[in-house]
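Hi everyone, thanks for coming. I'd like to walk you through one chain today, so please have a look at the model as it comes up.

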Amino acid sequence: MDLALAPETLARWQFGITTVYHFLFVPLTISLAALTAGLQTAWVRSGKEKYLRATKFWGKLFLINIAMGVVTGIVQEFQFGMNWSDYSRFVGDVFGAPLAFEALIAFFFESTFIGLWIFGWDKLPKKVHLACIWMVSIGTILSAYFILAANSWMQHPVGYRINKESGRAELTDFWAVLSQNTTLTQVFHTLTAAFLAGGAFMVGISCFHLMRKKHITVMRTSLRVGLVTVAVAGLLTAISGDMLGKVMFKQQPMKMAAAEALWDGEAPAPFSIFAYGDVDKGHNKVAIEIPGLLSFLANDDFDSFVPGINDVNKAEQEKYGPGDYRPNIPVAYWGFRWMIGFGMASLAIGLLGLWLTRRKFMLPPGLRTGEDEVPHLVLFKKPLGSRLTRWYWLLGVWTLGFPLIASSWGWIFTEMGRQPWVVYGVLRTKDAVSPGVSQGEVITSMAVFTLLYATLAVIEVKLLVKYVKAGPPELTESDLNPPTKIGGDDKDADRPMAFSY
(Lines give C-alpha, C1' and ligand atoms only; values in the text may rest on other atoms or scores of the structure.)
Protein backbone atom coordinates (compact mmCIF):
# COMPACT_ATOMS: atom_id res chain seq x y z
CA MET A 1 0.00 0.00 0.00
CA ASP A 2 1.19 3.48 -0.81
CA LEU A 3 2.53 5.02 2.41
CA ALA A 4 0.76 8.30 1.60
CA LEU A 5 -2.60 6.49 1.65
CA ALA A 6 -1.88 4.10 4.53
CA PRO A 7 -4.50 4.17 7.33
CA GLU A 8 -1.88 5.48 9.77
CA THR A 9 -1.01 8.43 7.51
CA LEU A 10 -4.66 9.20 6.78
CA ALA A 11 -5.55 8.98 10.47
CA ARG A 12 -2.75 11.41 11.27
CA TRP A 13 -3.98 13.81 8.59
CA GLN A 14 -7.52 13.65 9.94
CA PHE A 15 -6.43 14.24 13.52
CA GLY A 16 -4.14 17.06 12.40
CA ILE A 17 -6.91 18.81 10.43
CA THR A 18 -9.44 18.59 13.26
CA THR A 19 -6.91 19.57 15.95
CA VAL A 20 -5.56 22.64 14.14
CA TYR A 21 -9.09 23.72 13.26
CA HIS A 22 -10.27 23.27 16.85
CA PHE A 23 -7.30 25.14 18.25
CA LEU A 24 -8.22 28.24 16.27
CA PHE A 25 -11.04 28.72 18.80
CA VAL A 26 -9.22 27.71 21.98
CA PRO A 27 -6.88 30.74 22.37
CA LEU A 28 -9.71 33.17 21.68
CA THR A 29 -12.02 31.40 24.13
CA ILE A 30 -9.46 31.56 26.94
CA SER A 31 -8.44 35.16 26.36
CA LEU A 32 -11.81 36.70 25.42
CA ALA A 33 -13.43 35.24 28.53
CA ALA A 34 -10.88 37.00 30.75
CA LEU A 35 -10.85 40.22 28.72
CA THR A 36 -14.65 40.40 28.74
CA ALA A 37 -14.61 39.81 32.50
CA GLY A 38 -12.06 42.59 32.88
CA LEU A 39 -14.19 45.04 30.90
CA GLN A 40 -17.29 44.15 32.90
CA THR A 41 -15.31 44.64 36.11
CA ALA A 42 -14.35 48.12 34.89
CA TRP A 43 -18.05 48.89 34.31
CA VAL A 44 -19.12 47.62 37.73
CA ARG A 45 -16.39 49.66 39.42
CA SER A 46 -16.73 52.87 37.41
CA GLY A 47 -20.28 52.83 36.05
CA LYS A 48 -19.03 54.16 32.69
CA GLU A 49 -21.23 53.20 29.76
CA LYS A 50 -18.31 52.64 27.39
CA TYR A 51 -17.20 49.66 29.46
CA LEU A 52 -20.67 48.11 29.45
CA ARG A 53 -20.98 48.55 25.67
CA ALA A 54 -17.52 47.02 25.25
CA THR A 55 -18.48 44.11 27.53
CA LYS A 56 -21.57 43.32 25.48
CA PHE A 57 -19.71 43.64 22.17
CA TRP A 58 -16.71 41.46 23.04
CA GLY A 59 -18.92 39.10 25.04
CA LYS A 60 -21.02 38.46 21.96
CA LEU A 61 -17.93 37.55 19.91
CA PHE A 62 -16.72 35.36 22.78
CA LEU A 63 -20.00 33.42 22.81
CA ILE A 64 -19.84 32.76 19.07
CA ASN A 65 -16.29 31.53 19.44
CA ILE A 66 -16.84 29.27 22.45
CA ALA A 67 -19.86 27.62 20.81
CA MET A 68 -17.73 26.65 17.82
CA GLY A 69 -14.91 25.51 20.10
CA VAL A 70 -17.16 23.14 22.03
CA VAL A 71 -18.58 21.58 18.87
CA THR A 72 -15.20 21.01 17.24
CA GLY A 73 -13.68 19.75 20.50
CA ILE A 74 -16.30 17.03 20.88
CA VAL A 75 -15.67 15.83 17.32
CA GLN A 76 -11.94 15.73 18.01
CA GLU A 77 -12.37 13.41 21.00
CA PHE A 78 -14.38 10.93 18.92
CA GLN A 79 -11.24 10.11 16.99
CA PHE A 80 -9.58 8.43 19.96
CA GLY A 81 -12.12 5.65 19.61
CA MET A 82 -12.42 5.79 15.82
CA ASN A 83 -8.87 5.90 14.49
CA TRP A 84 -6.70 5.47 17.59
CA SER A 85 -8.26 2.62 19.54
CA ASP A 86 -4.90 0.93 20.27
CA TYR A 87 -3.64 4.20 21.71
CA SER A 88 -6.77 4.54 23.86
CA ARG A 89 -6.47 0.97 25.07
CA PHE A 90 -2.78 1.34 25.94
CA VAL A 91 -2.83 4.72 27.73
CA GLY A 92 -6.51 5.13 28.66
CA ASP A 93 -5.87 4.78 32.40
CA VAL A 94 -3.35 7.62 32.35
CA PHE A 95 -4.53 9.85 29.51
CA GLY A 96 -8.16 9.59 30.58
CA ALA A 97 -7.59 10.88 34.12
CA PRO A 98 -6.84 14.55 33.32
CA LEU A 99 -9.50 14.54 30.59
CA ALA A 100 -12.04 13.29 33.13
CA PHE A 101 -11.10 16.13 35.49
CA GLU A 102 -11.46 18.56 32.60
CA ALA A 103 -15.01 17.38 31.96
CA LEU A 104 -16.11 17.09 35.60
CA ILE A 105 -14.57 20.32 36.92
CA ALA A 106 -13.56 22.73 34.17
CA PHE A 107 -16.38 22.11 31.70
CA PHE A 108 -18.87 22.20 34.57
CA PHE A 109 -17.64 25.69 35.47
CA GLU A 110 -17.87 26.85 31.88
CA SER A 111 -21.24 25.40 30.97
CA THR A 112 -23.02 26.30 34.23
CA PHE A 113 -21.81 29.85 34.69
CA ILE A 114 -21.94 30.82 31.03
CA GLY A 115 -25.66 30.09 31.10
CA LEU A 116 -26.10 32.26 34.17
CA TRP A 117 -24.11 35.03 32.51
CA ILE A 118 -26.06 34.91 29.25
CA PHE A 119 -29.53 34.94 30.82
CA GLY A 120 -28.74 36.81 34.01
CA TRP A 121 -28.28 40.35 32.73
CA ASP A 122 -31.68 41.47 34.05
CA LYS A 123 -32.04 38.77 36.71
CA LEU A 124 -28.84 38.98 38.76
CA PRO A 125 -27.24 41.84 40.70
CA LYS A 126 -24.21 43.43 39.08
CA LYS A 127 -21.59 41.75 41.24
CA VAL A 128 -23.19 38.31 41.12
CA HIS A 129 -23.48 38.56 37.34
CA LEU A 130 -19.85 39.69 37.14
CA ALA A 131 -18.78 36.71 39.24
CA CYS A 132 -20.39 34.40 36.66
CA ILE A 133 -18.15 35.56 33.79
CA TRP A 134 -15.08 35.30 36.03
CA MET A 135 -16.07 31.71 36.84
CA VAL A 136 -16.35 31.04 33.11
CA SER A 137 -12.86 32.44 32.65
CA ILE A 138 -11.50 30.26 35.46
CA GLY A 139 -13.19 27.27 33.84
CA THR A 140 -11.53 27.90 30.48
CA ILE A 141 -8.10 28.12 32.13
CA LEU A 142 -8.69 24.93 34.14
CA SER A 143 -9.86 23.19 30.99
CA ALA A 144 -6.65 24.17 29.23
CA TYR A 145 -4.58 23.02 32.19
CA PHE A 146 -6.01 19.51 32.34
CA ILE A 147 -5.88 18.99 28.57
CA LEU A 148 -2.30 20.25 28.41
CA ALA A 149 -1.38 17.95 31.30
CA ALA A 150 -2.60 15.02 29.19
CA ASN A 151 -0.64 16.24 26.17
CA SER A 152 2.47 16.85 28.28
CA TRP A 153 2.32 13.25 29.45
CA MET A 154 2.53 12.21 25.79
CA GLN A 155 5.58 14.46 25.41
CA HIS A 156 7.23 13.25 28.64
CA PRO A 157 5.48 10.29 30.31
CA VAL A 158 5.76 10.23 34.13
CA GLY A 159 3.78 8.77 37.04
CA TYR A 160 2.92 5.45 35.37
CA ARG A 161 3.95 1.82 35.07
CA ILE A 162 3.48 -0.78 32.36
CA ASN A 163 1.35 -3.75 33.39
CA LYS A 164 3.02 -6.61 31.56
CA GLU A 165 0.01 -8.90 31.94
CA SER A 166 -2.49 -6.50 30.36
CA GLY A 167 0.06 -4.67 28.20
CA ARG A 168 -1.30 -1.31 29.32
CA ALA A 169 0.06 1.80 30.98
CA GLU A 170 -1.37 2.35 34.46
CA LEU A 171 -1.43 5.57 36.45
CA THR A 172 0.62 5.53 39.65
CA ASP A 173 1.07 9.23 40.46
CA PHE A 174 -1.58 11.63 39.19
CA TRP A 175 0.10 14.60 40.88
CA ALA A 176 3.29 13.91 38.91
CA VAL A 177 1.29 14.15 35.68
CA LEU A 178 -0.25 17.48 36.75
CA SER A 179 2.88 19.07 38.19
CA GLN A 180 5.81 17.93 36.05
CA ASN A 181 7.89 20.70 34.49
CA THR A 182 6.66 19.79 31.00
CA THR A 183 3.07 20.49 32.05
CA LEU A 184 3.87 23.71 33.91
CA THR A 185 5.96 25.24 31.15
CA GLN A 186 3.56 24.16 28.40
CA VAL A 187 0.58 25.61 30.29
CA PHE A 188 2.47 28.88 30.85
CA HIS A 189 3.42 29.13 27.18
CA THR A 190 -0.03 28.18 25.86
CA LEU A 191 -1.90 30.62 28.12
CA THR A 192 0.37 33.54 27.30
CA ALA A 193 0.06 32.74 23.59
CA ALA A 194 -3.73 32.63 24.03
CA PHE A 195 -3.77 36.14 25.48
CA LEU A 196 -1.51 37.29 22.67
CA ALA A 197 -4.16 35.99 20.24
CA GLY A 198 -7.00 37.62 22.17
CA GLY A 199 -5.20 40.94 22.40
CA ALA A 200 -4.46 40.93 18.67
CA PHE A 201 -8.09 40.02 17.96
CA MET A 202 -9.19 43.03 19.98
CA VAL A 203 -6.60 45.29 18.32
CA GLY A 204 -7.58 44.20 14.82
CA ILE A 205 -11.31 44.75 15.26
CA SER A 206 -10.76 48.05 17.07
CA CYS A 207 -8.54 49.28 14.24
CA PHE A 208 -11.21 48.24 11.75
CA HIS A 209 -13.80 50.49 13.42
CA LEU A 210 -11.38 53.36 14.04
CA MET A 211 -10.34 53.25 10.40
CA ARG A 212 -14.04 53.60 9.50
CA LYS A 213 -14.39 56.38 12.11
CA LYS A 214 -17.11 54.46 13.97
CA HIS A 215 -17.73 53.82 17.67
CA ILE A 216 -14.71 55.91 18.64
CA THR A 217 -15.24 55.90 22.42
CA VAL A 218 -15.63 52.13 22.82
CA MET A 219 -13.05 51.17 20.24
CA ARG A 220 -10.45 53.58 21.55
CA THR A 221 -10.75 51.90 24.96
CA SER A 222 -10.75 48.44 23.39
CA LEU A 223 -7.67 49.26 21.32
CA ARG A 224 -5.78 50.36 24.38
CA VAL A 225 -6.76 47.21 26.30
CA GLY A 226 -5.79 45.07 23.31
CA LEU A 227 -2.43 46.78 22.86
CA VAL A 228 -1.49 46.35 26.51
CA THR A 229 -2.57 42.71 26.36
CA VAL A 230 -0.50 42.09 23.22
CA ALA A 231 2.58 43.75 24.71
CA VAL A 232 2.45 41.95 28.07
CA ALA A 233 1.35 38.58 26.67
CA GLY A 234 3.89 38.80 23.83
CA LEU A 235 6.79 39.35 26.22
CA LEU A 236 5.57 36.54 28.48
CA THR A 237 5.14 34.26 25.45
CA ALA A 238 8.78 34.83 24.51
CA ILE A 239 9.90 34.12 28.09
CA SER A 240 7.71 31.02 28.45
CA GLY A 241 8.80 29.80 25.01
CA ASP A 242 12.43 30.02 26.09
CA MET A 243 11.60 28.05 29.26
CA LEU A 244 9.72 25.37 27.31
CA GLY A 245 12.54 25.15 24.76
CA LYS A 246 15.08 24.45 27.51
CA VAL A 247 12.85 21.67 28.85
CA MET A 248 12.48 20.16 25.39
CA PHE A 249 16.24 20.26 24.74
CA LYS A 250 16.59 17.87 27.68
CA GLN A 251 13.50 15.72 27.15
CA GLN A 252 13.23 15.63 23.33
CA PRO A 253 16.64 16.52 21.88
CA MET A 254 15.62 15.19 18.45
CA LYS A 255 12.74 17.67 18.17
CA MET A 256 14.93 20.65 19.00
CA ALA A 257 17.79 19.52 16.76
CA ALA A 258 15.28 19.20 13.91
CA ALA A 259 13.95 22.68 14.72
CA GLU A 260 17.45 24.05 14.08
CA ALA A 261 18.47 21.68 11.25
CA LEU A 262 21.50 20.80 13.41
CA TRP A 263 22.67 17.55 11.86
CA ASP A 264 25.78 16.92 13.94
CA GLY A 265 26.36 17.98 17.53
CA GLU A 266 28.49 21.06 18.07
CA ALA A 267 30.06 22.97 20.93
CA PRO A 268 29.32 25.82 20.66
CA ALA A 269 26.19 25.24 18.58
CA PRO A 270 24.90 27.97 16.23
CA PHE A 271 21.32 29.22 15.92
CA SER A 272 20.05 28.79 12.36
CA ILE A 273 18.64 31.78 10.49
CA PHE A 274 18.19 29.93 7.23
CA ALA A 275 19.10 26.41 6.17
CA TYR A 276 18.63 24.22 3.14
CA GLY A 277 19.90 20.67 3.21
CA ASP A 278 19.83 17.08 2.01
CA VAL A 279 17.66 15.05 4.38
CA ASP A 280 18.80 11.70 2.96
CA LYS A 281 22.51 12.52 3.38
CA GLY A 282 22.00 14.35 6.65
CA HIS A 283 23.72 17.68 6.10
CA ASN A 284 22.99 21.28 5.10
CA LYS A 285 23.95 22.65 1.71
CA VAL A 286 23.24 26.25 2.73
CA ALA A 287 23.34 27.56 6.30
CA ILE A 288 23.13 31.10 7.70
CA GLU A 289 23.81 30.95 11.44
CA ILE A 290 24.53 32.94 14.59
CA PRO A 291 27.48 31.28 16.36
CA GLY A 292 26.95 30.01 19.90
CA LEU A 293 23.38 31.25 20.31
CA LEU A 294 21.77 27.79 20.23
CA SER A 295 24.09 26.62 23.03
CA PHE A 296 22.91 29.54 25.15
CA LEU A 297 19.24 28.94 24.37
CA ALA A 298 19.60 25.26 25.25
CA ASN A 299 21.80 25.45 28.34
CA ASP A 300 22.40 29.14 29.24
CA ASP A 301 26.00 28.62 28.18
CA PHE A 302 27.42 29.93 24.89
CA ASP A 303 30.02 27.12 24.78
CA SER A 304 27.91 24.08 25.72
CA PHE A 305 27.45 21.02 23.51
CA VAL A 306 24.12 20.48 21.73
CA PRO A 307 23.53 17.05 20.11
CA GLY A 308 22.51 16.96 16.46
CA ILE A 309 19.95 14.97 14.49
CA ASN A 310 22.42 12.26 13.48
CA ASP A 311 23.71 11.89 17.05
CA VAL A 312 20.25 11.54 18.57
CA ASN A 313 19.06 9.19 15.83
CA LYS A 314 22.00 6.88 16.47
CA ALA A 315 21.43 6.98 20.23
CA GLU A 316 17.73 6.15 19.87
CA GLN A 317 18.50 3.29 17.49
CA GLU A 318 20.77 1.82 20.15
CA LYS A 319 18.12 2.33 22.86
CA TYR A 320 14.90 1.41 21.04
CA GLY A 321 16.08 -0.77 18.17
CA PRO A 322 16.54 -0.32 14.41
CA GLY A 323 14.57 2.41 12.69
CA ASP A 324 14.55 6.04 11.65
CA TYR A 325 13.70 8.24 14.63
CA ARG A 326 13.85 11.53 12.75
CA PRO A 327 10.69 13.61 12.32
CA ASN A 328 9.86 15.49 9.13
CA ILE A 329 12.83 17.88 9.23
CA PRO A 330 11.49 20.62 6.88
CA VAL A 331 8.16 20.77 8.75
CA ALA A 332 9.88 20.95 12.15
CA TYR A 333 12.40 23.56 10.95
CA TRP A 334 9.96 25.89 9.21
CA GLY A 335 7.11 25.30 11.63
CA PHE A 336 9.36 26.50 14.45
CA ARG A 337 10.20 29.64 12.48
CA TRP A 338 6.66 30.43 11.43
CA MET A 339 5.60 30.11 15.06
CA ILE A 340 8.27 32.51 16.27
CA GLY A 341 7.96 34.87 13.30
CA PHE A 342 4.20 35.47 13.47
CA GLY A 343 4.23 35.59 17.26
CA MET A 344 7.00 38.16 17.48
CA ALA A 345 5.50 40.19 14.62
CA SER A 346 2.36 40.53 16.72
CA LEU A 347 4.42 41.69 19.68
CA ALA A 348 6.27 44.25 17.55
CA ILE A 349 3.02 45.67 16.17
CA GLY A 350 1.59 45.86 19.68
CA LEU A 351 4.63 47.75 20.96
CA LEU A 352 4.43 50.08 17.98
CA GLY A 353 0.80 50.78 18.80
CA LEU A 354 1.63 51.56 22.41
CA TRP A 355 4.35 53.96 21.26
CA LEU A 356 1.95 55.70 18.86
CA THR A 357 -0.64 56.09 21.61
CA ARG A 358 1.80 57.12 24.34
CA ARG A 359 0.25 60.62 24.46
CA LYS A 360 -3.24 59.18 24.13
CA PHE A 361 -5.34 60.18 21.15
CA MET A 362 -4.67 63.74 19.95
CA LEU A 363 -7.24 65.40 17.73
CA PRO A 364 -6.32 67.17 14.49
CA PRO A 365 -5.98 70.95 14.80
CA GLY A 366 -9.38 72.69 14.79
CA LEU A 367 -11.37 69.59 15.82
CA ARG A 368 -12.55 69.71 19.40
CA THR A 369 -15.95 68.04 19.06
CA GLY A 370 -17.37 65.09 20.95
CA GLU A 371 -15.43 61.83 20.85
CA ASP A 372 -17.92 60.04 18.59
CA GLU A 373 -17.91 62.92 16.10
CA VAL A 374 -14.16 62.84 15.48
CA PRO A 375 -13.79 62.10 11.72
CA HIS A 376 -10.26 60.75 11.98
CA LEU A 377 -7.85 59.93 14.75
CA VAL A 378 -4.25 61.02 14.39
CA LEU A 379 -1.50 60.81 16.93
CA PHE A 380 0.75 63.57 15.62
CA LYS A 381 0.07 66.99 14.16
CA LYS A 382 2.58 66.49 11.35
CA PRO A 383 1.49 64.90 8.04
CA LEU A 384 3.89 61.99 8.61
CA GLY A 385 2.04 61.17 11.81
CA SER A 386 -1.30 61.12 10.00
CA ARG A 387 0.00 58.78 7.31
CA LEU A 388 1.62 56.55 9.92
CA THR A 389 -1.62 56.33 11.86
CA ARG A 390 -3.64 55.36 8.77
CA TRP A 391 -1.09 52.70 7.92
CA TYR A 392 -1.27 51.42 11.49
CA TRP A 393 -5.03 50.91 11.27
CA LEU A 394 -4.50 48.64 8.25
CA LEU A 395 -1.57 46.86 9.88
CA GLY A 396 -3.59 46.37 13.06
CA VAL A 397 -6.44 44.73 11.16
CA TRP A 398 -4.07 42.28 9.46
CA THR A 399 -2.43 41.49 12.80
CA LEU A 400 -5.69 39.96 14.00
CA GLY A 401 -4.74 36.54 12.60
CA PHE A 402 -0.98 36.52 13.24
CA PRO A 403 -1.03 34.86 16.70
CA LEU A 404 -3.52 32.24 15.50
CA ILE A 405 -1.16 31.34 12.66
CA ALA A 406 1.71 31.21 15.16
CA SER A 407 -0.28 28.94 17.51
CA SER A 408 -1.25 26.59 14.68
CA TRP A 409 2.35 26.22 13.53
CA GLY A 410 3.45 25.83 17.13
CA TRP A 411 1.20 22.84 17.62
CA ILE A 412 2.17 21.35 14.28
CA PHE A 413 5.80 21.62 15.35
CA THR A 414 5.07 20.22 18.82
CA GLU A 415 3.23 17.16 17.57
CA MET A 416 5.13 16.37 14.37
CA GLY A 417 8.48 17.04 16.04
CA ARG A 418 7.72 14.14 18.42
CA GLN A 419 7.32 11.61 15.62
CA PRO A 420 7.64 8.65 15.25
CA TRP A 421 6.36 8.56 18.85
CA VAL A 422 2.79 9.15 19.97
CA VAL A 423 3.94 8.72 23.58
CA TYR A 424 7.60 9.67 23.56
CA GLY A 425 9.84 6.66 24.12
CA VAL A 426 6.91 4.38 25.00
CA LEU A 427 4.45 3.97 22.11
CA ARG A 428 5.09 4.54 18.41
CA THR A 429 2.46 6.17 16.24
CA LYS A 430 2.24 3.19 13.90
CA ASP A 431 1.31 0.99 16.90
CA ALA A 432 -1.44 3.36 18.13
CA VAL A 433 -3.76 3.38 15.11
CA SER A 434 -6.98 1.33 15.10
CA PRO A 435 -6.19 -2.06 13.51
CA GLY A 436 -9.70 -2.66 12.20
CA VAL A 437 -10.16 0.63 10.36
CA SER A 438 -9.73 0.41 6.60
CA GLN A 439 -8.29 2.93 4.19
CA GLY A 440 -11.73 3.67 2.74
CA GLU A 441 -13.28 4.26 6.16
CA VAL A 442 -10.62 6.78 7.14
CA ILE A 443 -10.90 8.58 3.80
CA THR A 444 -14.70 8.75 4.15
CA SER A 445 -14.65 10.08 7.71
CA MET A 446 -11.89 12.56 6.88
CA ALA A 447 -13.87 13.87 3.89
CA VAL A 448 -17.04 14.20 6.00
CA PHE A 449 -15.22 16.01 8.82
CA THR A 450 -13.44 18.32 6.40
CA LEU A 451 -16.69 19.27 4.68
CA LEU A 452 -18.41 19.72 8.04
CA TYR A 453 -15.64 21.97 9.30
CA ALA A 454 -15.67 23.97 6.07
CA THR A 455 -19.39 24.57 6.56
CA LEU A 456 -18.86 25.56 10.18
CA ALA A 457 -16.07 27.91 9.11
CA VAL A 458 -18.42 29.71 6.73
CA ILE A 459 -21.03 30.05 9.49
CA GLU A 460 -18.45 31.24 11.99
CA VAL A 461 -16.98 33.86 9.65
CA LYS A 462 -20.43 35.16 8.63
CA LEU A 463 -21.52 35.49 12.26
CA LEU A 464 -18.32 37.23 13.30
CA VAL A 465 -18.38 39.60 10.34
CA LYS A 466 -22.05 40.41 10.96
CA TYR A 467 -21.60 41.30 14.61
CA VAL A 468 -18.20 42.95 14.16
CA LYS A 469 -19.65 45.30 11.54
CA ALA A 470 -22.66 46.02 13.72
CA GLY A 471 -20.37 47.26 16.47
CA PRO A 472 -21.18 47.76 20.16
CA PRO A 473 -24.92 47.75 20.96
CA GLU A 474 -26.81 50.77 22.19
CA LEU A 475 -27.80 50.56 25.85
CA THR A 476 -31.29 50.47 27.30
CA GLU A 477 -32.51 51.67 30.68
CA SER A 478 -32.54 48.09 31.99
CA ASP A 479 -28.91 47.67 30.92
CA LEU A 480 -27.84 50.58 33.08
CA ASN A 481 -30.03 49.64 36.07
CA PRO A 482 -29.81 45.90 36.75
CA PRO A 483 -31.67 44.42 39.75
CA THR A 484 -30.20 44.76 43.21
CA LYS A 485 -31.22 41.28 44.28
CA ILE A 486 -31.38 37.91 42.58
CA GLY A 487 -34.51 37.57 40.47
CA GLY A 488 -35.37 41.26 40.72
CA ASP A 489 -38.68 42.55 42.16
CA ASP A 490 -42.16 43.07 40.79
CA LYS A 491 -41.01 46.12 38.89
CA ASP A 492 -38.11 44.19 37.40
CA ALA A 493 -40.44 41.45 36.20
CA ASP A 494 -42.17 43.83 33.82
CA ARG A 495 -38.95 45.01 32.17
CA PRO A 496 -37.83 43.59 28.81
CA MET A 497 -34.78 41.37 28.94
CA ALA A 498 -31.58 43.41 28.91
CA PHE A 499 -29.67 40.66 27.18
CA SER A 500 -29.43 41.45 23.48
CA TYR A 501 -27.42 38.55 22.15
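How many of the 501 residues of the protein chain count as buried, in percent? The answer is 51%, where buried means under 20% relative accessible area, exposed means over 50%, and partly exposed lies in between, with a 1.4 Å probe and protein chains only.

A word on where this comes from: this is a predicted model, so local features need pLDDT of at least 70 and side-chain atom pairs count only at pLDDT 80 or more, while totals for chains, interfaces and linings use all residues. Residues are numbered from 1 along each chain as its sequence is written, and side-chain values use heavy atoms, with hydrogens and water left out.

Now the overall picture. The chain has 17 helices and 6 strands; these are DSSP runs numbered from the N terminus, helices being H or I with at least four residues and strands E with at least two.

On to the inside. The largest nonpolar core has 55 residues; such a core is a set of buried Ala, Val, Leu, Ile, Met, Phe, Trp, Tyr and Cys residues joined through side-chain atoms within 4.5 Å. Trp 58, Leu 61, Phe 62 and Tyr 392 touch the most other members. Helix H3, residues 49-82, gives the most to this core, with 10 residues. Leaving aside residues up to four places away in sequence, Tyr 392 touches several residues, including Val 203, Leu 227 and Ile 349; contact here means heavy atoms within 4.5 Å.

Next, please find helix H1, residues 7-23. H1 packs with H14, residues 402-416, at an angle of about 145°, their axes 10 Å apart. Those axes are lines fitted to C-alpha atoms over the stretch in contact, and angles run from 0 to 180 degrees between N-to-C directions. Arg 12, Val 20 and Phe 23 of H1 meet residues of H14, among them Trp 411 and Met 416.

Phe 15 is also in H1. Is Phe 15 buried or partly exposed? Partly exposed, because its relative accessible area is 23%. Phe 15 touches Gln 76, Gln 79, Phe 80 and Trp 84, not counting residues up to four places away in sequence. The C-alpha atoms of Phe 15 and Phe 80 are 9.2 Å apart, although 65 residues separate the two along the chain.

That's my tour, thank you!
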